[in-house]
Amino acid sequence: APRLGLSVPLLAAMSSSMPAERPSCANFGSGPCAKRPGWSLEGSVGDAALGRSHRSSIGKAKLLACCEETKAILGLPDDYLVGIVPASDTGAVEMVMWSMLGERPVDICHWESFGTTWYSDAVKELKLENVTNIKAEFGVLPDLSKTDASHDIVFTMNGTTSGVRVPTLDWIPADRTGLTICDATSAIFGFDMLPWEKLDVVTYSWQKVLGGEGAHGMLILGPRAVARLESYKPPRPLPKIFRLCKGDGTLNGGIFKGETINTPSMMCVEDYLDALRWAKSIGGLPALLAKSAANFKVLADFEAKTGWLEFLCAVPEHRSNTSVCFKMKAPSGEPMGSDAVAKFRKLLEQKGVCFDIGAYRDAPAGLRIWCGATVEQDDLRVLTLWLKWAYQQVQAAQ
């Protein structure tokens, strides 16, 4: 096999060159993600309504602010609703599937772990009879043109565990009759998702691009999704935390005014509000998108210069600029073994310069490095120095 120009003696000679710089923040994991620059417990969440009811006037005001500020920063259409729901993005996706699916055939597009879960749940748990499985392997985007606009379509906007994103919504017709249900948890605030009118349902969690805390989901509904909720009664019992409609079959509008189904953490609520304030302070959505793009470029430039790091996604237009996934190669050019990859990551953690960059457990062995807006571009530059050093160390020890 062709070698990469990195002989073991050369690696051994280079291995003592430990970088002098260290990242200001070593958190590069893909969820929960790094807190925003300058975050502090007292300064960021010191005004939390701790010990107060989420039904109190102050509690409801903060929850309503989460919904309203989210809508403003994203620039959602006036007739779109934003609500806080239980159980992170997973809870948001599941409540939509259980509440809305079954009225017509369903196309489920998946190419990584979470999308595969949505397909499995539709078939095995909801036991839907007419489900089209539109799938691809890790690192590949399926042919989305195979979807049927008369069907409901479930898809992930960004494959968090595969590093593959949907580059455009051109494949979704404006005159569709089915709903589009988009799991956007590692995409929203990270890259352009316009036009919103192509998406009837959008879900995400606080812990991704904005660096919030876990356990709370966000649900965005367009008017077509609301119409479905009010016109279709699913043939299955719905747990309380999945119920989006009142007893008379009309939408529970309070959910979209800060009246949550169950008790939220007011500490996490304040943390999300802090993230939204920070986003607004740096220039809003355009600034967030620009930061993620600039962060991705640091890693893309580094990958282009190395012979041992390779994007899991081969098509540049399909590569995620938030959850960036790589394969690793040995000097021989063969794939780097999982044990060697684990040693590589452990070495970086031992040095305290990089945490939580392992590929997802279902994905091929490699790296997954978060490039969302809460990560600083210069920290990624410094990280590349340590990635190079750690690779030299691991190979020299083989």
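Helix 8 (residues 284-305) and helix 10 (residues 377-396) have axes that come within 9 Å and cross at roughly 20°. By axes I mean lines fitted to C-alpha atoms, for helices over the stretch in contact, with angles running from 0 to 180 degrees between N-to-C directions. Helices are DSSP runs of H or I, at least four residues long, strands are runs of E, at least two long, and both are numbered from the N terminus. Helix 8 and helix 10 are therefore roughly parallel to each other. The naming goes by angle: under 35 degrees is roughly parallel, over 145 roughly antiparallel, 65 to 115 roughly perpendicular, and the rest oblique. The crossing of this pair, helix 8 and helix 10, is right-handed. That term applies if the near helix is turned clockwise from the far one by less than a right angle, and left-handed applies if anticlockwise.

On the helix 8 side the contact is made by Ala294, Asn295, Val298, Leu299 and Phe302, and on the helix 10 side by Gln377, Leu380, Arg381, Thr384, Leu387 and Lys388. Contact here means heavy atoms within 4.5 Å. These residues divide into six nonpolar, three polar and two charged. Nonpolar covers Ala, Val, Leu, Ile, Met, Phe, Trp, Tyr, Cys and Pro; charged covers Asp, Glu, Lys and Arg; the others, Gly among them, are polar.

A note on the model. It is predicted, with local features needing pLDDT of at least 70 and side-chain atom pairs counting only at pLDDT 80 or more, while totals for chains, interfaces and linings use all residues. Residues are numbered from 1 along each chain as its sequence is written, and side-chain values use heavy atoms, with hydrogens and water left out.

Helix 10 has another partner to look at. Helix 9 (residues 338-350) packs with helix 10 at an angle of about 130°, their axes 9 Å apart. Helix 9 and helix 10 are therefore oblique to each other, and their crossing is right-handed. Helix 9 contributes Ala340, Lys343, Phe344, Leu347 and Leu348, while helix 10 contributes residues including Trp386, Leu387, Trp389 and Ala390. The contact of helix 9 with helix 10 has 10 nonpolar residues, one polar and one charged.

Helix 8 lies across strand 10, strand 11 and strand 12, and runs at about 125° to strand 10. What is the order of the three strands in this open sheet? The order is 10-11-12, and the pairing is antiparallel. Two strands pair if DSSP finds at least two bridges between them. Strand 10 (309-311) and strand 12 (367-370) stand at the edges with a single partner strand each, so one side of each has no neighbour in the sheet. From one strand to the next the twist averages 40°. Strand 11 (residues 323-328) is joined to strand 12 by four bridges, and Val324 stands opposite Ile369 in strand 12.

The bridge partner of Val106 in strand 4 is Asp152.

Next, some backbone details. Most residues other than glycine have a negative phi, and most peptide bonds are trans. A cis peptide bond joins Gly31 and Pro32, with omega about -5°, and Pro32 is in the loop between helix 1 (8-14) and helix 2 (41-45). The bond from Leu194 to Pro195 is also cis, omega near -5°; Pro195 is in the loop between strand 7 (180-183) and strand 8. Ala215 has a positive phi, near 90°, in the loop between strand 8 and strand 9. Asp356 has a positive phi of about 65° and is in the loop between helix 9 and strand 12.

Last, the chain as a whole. The chain has 10 helices and 12 strands. Its C-alpha trace spans about 75 × 50 × 30 Å along the principal axes.
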